[in-house]
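Student: Can we go through the charged pairs here? Start with the terms, please.

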Amino acid sequence: MAEGLAYQVLCLLREHGPLSRVELADRLAVPRARLLAELTRLTEADRVREAGPAASRGGRRSTLVELSPKHRFGAVDLGATSVRIEVTDRRLDPVAAVEEPVDIRSGPRPVLRVVTELLEKLRAEGAYRQLDGLGVGLPGPVSFRDGVPVSPPIMPGWDGFGVREMLAHEHNCPVVVDNDVNIMAIGEGYGGVARSVDDFLFVKLGTGIGCGIHLGGEVFRGKDGCAGDIGHMQVVAHGPVCACGNTGCLEAVFGGAALARDAVAAARAGRSEPLAARLAAAGTLSAYDVGQAAAAGDATSVALIRAGGAALGGVLASLVSFVNPSMIVIGGGLAGLGHRLLAEVRAVVYGRSLPLATGNLPLVVSELGERAGALGAAKLASDLVFRQS
């Protein structure tokens with residue numbers, strides 16, 4: 001379905017900054033009279049404003065048009081153990097940001113109460129007076145149409161909860177809710193390493209594992225919103241039990257919790273002195289500990305990372321053969337495991353996929369890092385607002 005003229009104008013100004021009326025008419029291929037009428041309406045609605053004369057092109061100078069500086073978009077990137085919140089300006093650059101630990105398992109009301117308190121704190125500090133729109137990413141399957149999580153494996157109590165409805169009521173603005181991996185893919189495609197390609201896969205490695213499928217310049221969500229849930233693809237026939245209830249899922253083999261579990265087992269079995277020392281000092285281990293021990297030359301930690309990278313690479317090789325993307329981007333906390341992980345994933349993907357599919361396939365780490373999700377959520381929020389303008 002073709003987007004309306006107002007949406008196209010607002011998106012061009014968001015992505016390119018001030019443009020002249022002549023440039024807008026040329027880019028959009030619409031009659032000038034129609035464009036001027038739309039700009040008048042958007043000016044009256046305080047969506048755009050004049051920004052002085054454009055550079056001379058000979059003859060009468062055209063007037064520049066820009067988005068209203070009053071625009072503010074909220075972005076909420078909820079993970080299993082933390083939340084990052086940003087307030088962005090009209091160009092989706094951050095005005096203010098805050099990050100705090102949360103436990104997604106504590107349920108929707110306590111977690112969303114934290115979200116509201118953090119947004120109110122940013123408002124009190126002057127980041128915004130009123131949000132134009134709010135984008136939210138959740139670490140589980142989401143019905144994009146309804147704005148609710150659907151049977152999320154690591155989010156007890158969230159199934160069917162009206163996240164969009166509750167936040168729209170509390171913040172008096174339009175709200176859009178999506179899966180956290182999808183918003184990271186949107187962010188990376190808008191302002192990250194994948195901004196020059198239309199077809200790419202964004203793989204989030206964290207407590208869970210998911211894949212944002214970006215095709216033809218848009219996220220592919222599938223019929224019910226659960227496309228890309230690669231963390232629950234089976235990679236070991238009789239492997240460990242996963243949070244979803246099945247066995248041998250990729251997430252149960254190489255998610256953040258799985259890597260920590262295997263590291264603890266290795267430390268207690270005496271297979272790694274560095275991990276044993278870290279376990280004795282802290283009482284627990286994380287993926288970060290494995291990465292640090294591997295960087296210091298611990299063979300067991302290196303083996304854990306390589307085994308996980310091989311499992312992930314096998315899944316991605318299948319996706320490459322099926323989707324034929326232009327790029328694969330790795331993000332999330334486990335991306336910090338570094339070149340050992342990336343080298344193993346690349347070796348398996350390039351080794352198992354057809355040369356035609358991998359001959360020009362970059363496999364890279366996210367350029368945006370922890371900001372990918374927030375940027376994607378802000379873009380979704382601005383898209384929603386611009387469509388309603």
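Tutor: Buried means under 20% relative accessible area, exposed means over 50%, and partly exposed lies in between (1.4 Å probe, protein chains only). This is a predicted model: local features need pLDDT of at least 70, side-chain atom pairs count only at pLDDT 80 or more, and totals for chains, interfaces and linings use all residues. Residues are numbered from 1 along each chain as its sequence is written, and side-chain values use heavy atoms, with hydrogens and water left out.

Student: Is D180 buried or exposed?

Tutor: D180 is buried, at 4% relative accessibility.

Student: What does K204 form with D180?

Tutor: A salt bridge, with the closest N and O atoms 2.5 Å apart. The term means a side-chain nitrogen of Lys or Arg within 4 Å of a carboxyl oxygen of Asp or Glu. K204 is in strand β11 (residues 200-205) and D180 in helix α6 (residues 180-191), so the pair ties together parts 24 residues apart in sequence. Helices (H or I, at least four residues) and strands (E, at least two) are DSSP runs, numbered from the N terminus.

Student: How many salt bridges does the structure hold?

Tutor: It holds 24.

Student: Which residue does E86 meet in a salt bridge?

Tutor: R371, at 2.9 Å from N to O. E86 lies in strand β5 (residues 82-88) and R371 in the loop between β15 (363-365) and α14 (372-387), so this pair ties together parts 285 residues apart in sequence. Both E86 and R371 are buried.

Student: Which residues are linked in a network of salt bridges?

Tutor: R84, E86, E99, E370 and R371.
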